[in-house]
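My entries are set out below the display.

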Amino acid sequence: DFDLRSTEQCRAWVSSLLIQRLSIHSASSVRGAVGKFWRAISYASPDGVTILGKVTYHRFNAKIWRALLPVFDAKLVAEAINDDWITDAGGAKAFISEADFYTSMFELVDNFCEEATLERVVTWLNKLRSVLLTDAGHMVEDGQITHNELFWLSLHDPTPDGGPLSVEALIALGPRNIA
């Protein structure tokens with residue numbers, strides 16, 4: 001017994017969510033926040049293209065798991081990261097592009113960020129950056145990463161108000177903030 005009207009309402013709701021996520025995905029403030037990670041872990045290939053290699057991708061993603069989950073099976077995580085690599089790299093390539101990385105990071109945010117608003121997404125990325133990267137923009141050592149459930153549940157953006165990476169500053173920069 002389907003009520004056609006509620007089916008239409010469900011379709012409209014899903015459609016509006018997809019439109020909202022697509023607008024967030026293309027927002028310059030989100031691109032700028034993800035760009036901080038890209039600049040920290042990518043390198044220039046011999047032909048001058050900036051890429052991310054498989055080993056660094058694996059290290060970076062293992063750090064993400066350490067930050068987001070209190071306990072995990074290292075073997076299962078390694079398998080999951082390898083599966084993600086195959087998806088993100090589009091096969092068995094030795095590197096991924098910035099566009100591939102951006103899509104991968106947005107999918108991660110979409111899975112972990114409870115409410116898909118621009119401010120929440122940028123705040124979540126700022127939180128992840130504050131855990132995984134030093135102030136100088138380098139990956140932190142594994143032993144420095146700890147999981148803190150309250151940190152992830154709070155809506156507090158760890159970037160100081162008015163700082164160059166704060167939500168307000170990233171949004172104010174607009175399209176100039178594309179990395």
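The entries cover a helix, a core and a sheet.

I noted that this is a predicted model, in which local features need pLDDT of at least 70 and side-chain atom pairs count only at pLDDT 80 or more, while totals for chains, interfaces and linings use all residues. Residues are numbered from 1 along each chain as its sequence is written, and side-chain values use heavy atoms, with hydrogens and water left out.

**Entry 1: helix α2.** I looked up α2, residues 28–41; helices (H or I, at least four residues) and strands (E, at least two) are DSSP runs, numbered from the N terminus. Ten of its 14 residues are buried, that is, under 20% relative accessible area with a 1.4 Å probe, protein chains only. Among them are Val30, Val34, Phe37 and Trp38.

**Entry 2: the core.** I then turned to the largest nonpolar core, which has 39 residues. Such a core is a set of buried Ala, Val, Leu, Ile, Met, Phe, Trp, Tyr and Cys residues joined through side-chain atoms within 4.5 Å. Val30 and Phe101 are among the residues with the most contacts inside this core. Helix α2 is one of the helices that each supply at least two residues, and the largest share, seven residues, comes from α6. Beyond its neighbours within four places in sequence, Phe101 is in contact (heavy atoms within 4.5 Å) with residues including Val34, Phe37, Trp38 and Ile41.

**Entry 3: the sheet.** I found three strands in an open antiparallel sheet, ordered β1-β2-β3. Helix α2 packs on this sheet and touches β1, β2 and β3.

Conventions: Expected span 1.5 Å × (residues − 1). Buried < 20%, exposed > 50% of the residue type's maximum accessible area, 1.4 Å probe, protein only. Pairing = 2+ DSSP bridges. Axes fitted to C-alpha atoms, helices over the stretch in contact; angles between N-to-C directions.
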